[in-house]
Amino acid sequence: MPELVFFSGTMDCGKSTLALQIEHNRSTRGLQGMIFTRDDRAGEGKLSSRLGLVTDAVEAAEGFDFYAYLVAHLSKGGRCDYVIADEAQFLAPEQIDQLARVVDDLDLDVFAFGITTDFRSKLFPGSQRLVELADRVEVLQVEALCWCGARATHNARTVGGVMVVEGAQVVVGDVNQAAGEVGYEVLCRRHHRRRMTAASARAAALSPDVLPVEHEDAARGTAAPTRA
C-alpha cells in the first residue's frame, strides 16, 4: 500500500541527502518521481544537500496545491510513480492534507523530509500535521552532534554566534554562517536550554572573570568549582 512517510531530524542530519538517495535509487530502477521543495538554501526550485549534491525541484510556494498539480500532470499524460517533498516543515497544514490525499486518492508514495521543531523548540505547523497524518514517522539515524559531543536534538538560531529566541518562525539560513549573519546551530537539550552555543562556550572558557575566583579558592586552600 502507498504510504505517507515523514523523515524528521535536526538540521545537519542528512535529510536532504536521504531524499536525493531515494530519488537516485528509484530512478535507476526506471521509476519517475516528482520532487518538491520550499525555501531551499540553494535557491528557488532546488533540492540541495550540504554534501554538495543538488537537483531541480518544483517550488511549493505558499498557496501551492500538491494534489491539483499532480492531477493536472497525470491528466496531461505525465508520469509520476512517487513524490518527494523536502523542507516539509515550511508547508502549511492544508498542504500536508493535500499530500495525504495524493497517497490515498492517487495511490502514490509520498516521502516528506523536514525539521520537527523550530529554534524555540516549538513544532512547525507543517511538521505537526505530518506527525498527525503520516503512516510512518522515521527519525534519521545519522546523529548531528552538539558542540559538547552529545547528540543534538534542538535547532538554535544564532546571530554572530549568539543564540536568539525571538523572531519570525521561518528565516532561511544555514549552519556555519559568517559573523553577523543569521545562522543556525544544532545543540543538545541541555545547552539549548542554557542558550550556550559553541561561540558562547568558547567565550566563557576564555573569560578572565573566572580567574580571580579560582585564585581566591587556591589562596584559601580549597578546590575551585568545576564549570560546565
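User: In this predicted model, where is E87 found?

Analyst: E87 is found in the loop that lies between strand 6 (82-85) and helix 3. Its phi is positive, at about 55°, although E87 is not a glycine.

User: Let us turn to the sheets. What is the strand order of the open sheet of six strands?

Analyst: In general, the strands of a sheet pair through backbone hydrogen bonds, in either a parallel or an antiparallel sense. Here the six strands follow the order 5-2-6-7-1-8, with parallel pairing. Strand 5 (58-59) and strand 8 (136-139) stand at the edges; each has a single partner strand, so one side of each is left without a neighbour in the sheet.

User: How many bridges pair strand 2 with strand 5, and which helices pack on the sheet?

Analyst: Strand 2 (residues 33-37) pairs with strand 5 over two bridges, in the parallel sense. T37 stands opposite E59 in strand 5. Helix 1 (residues 15-27) packs on this sheet and touches strand 1, strand 2, strand 6 and strand 7; the direction of helix 1 makes about 155° with that of strand 7. Helix 2 (residues 66-75) packs on the sheet as well, touching strand 2, strand 5 and strand 6, and its direction makes about 150° with that of strand 2.

User: In what order do the three strands of the other open sheet run?

Analyst: That sheet has the order 10-9-11, and its pairing is antiparallel. Strand 10 (162-164) and strand 11 (182-187) each have a single partner strand and stand at the edges, so one side of each is left without a neighbour in the sheet. From one strand to the next, the twist averages 50°. Strand 9 (residues 154-159) is joined to strand 10 by three bridges, and T158 stands opposite M163 in strand 10.

User: How many aromatic pairs does a search of the whole structure find?

Analyst: The search finds eight. In one of these pairs, the ring centres of F7 and F111 are 6.5 Å apart and the planes make 40°, so the pair is tilted. This pair links distant parts of the chain, with F7 in strand 1 and F111 in strand 7, 104 residues apart. F7 counts as buried at 11% relative accessibility, and F111 counts as buried at 7%. F64 and Y69 also form a tilted pair, at 5.3 Å centre to centre and 45° between the planes. F64 is buried, with a relative accessible area of 16%, whereas Y69 counts as partly exposed at 33%. One aromatic cluster is formed by F36, F64, F66 and Y69.

User: Which arginine lies over the face of Y67, and which over that of F119?

Analyst: R101 lies over the face of Y67, at 3.8 Å from the ring centre. R157 lies over the face of F119, at 3.8 Å from the ring centre.

Terms used
Residues are numbered from 1 along each chain as its sequence is written. This is a predicted model: local features need pLDDT of at least 70, side-chain atom pairs count only at pLDDT 80 or more; totals for chains, interfaces and linings use all residues. Side-chain values use heavy atoms; hydrogens and water are left out. Two strands pair if DSSP finds at least two bridges between them. Helices (H or I, at least four residues) and strands (E, at least two) are DSSP runs, numbered from the N terminus. Axes are lines fitted to C-alpha atoms, for helices over the stretch in contact, and angles run from 0 to 180 degrees between N-to-C directions. Contact means heavy atoms within 4.5 Å. Rings of Phe, Tyr and Trp (its six-membered ring) pair if their centres lie within 6.5 Å; planes under 30 degrees apart count as stacked, over 60 as edge-to-face and the rest as tilted. Buried means under 20% relative accessible area, exposed over 50%, partly exposed in between (1.4 Å probe, protein chains only). A charge sits over a ring if NZ of Lys or CZ of Arg is within 6 Å of the ring centre and within 35 degrees of the ring normal.
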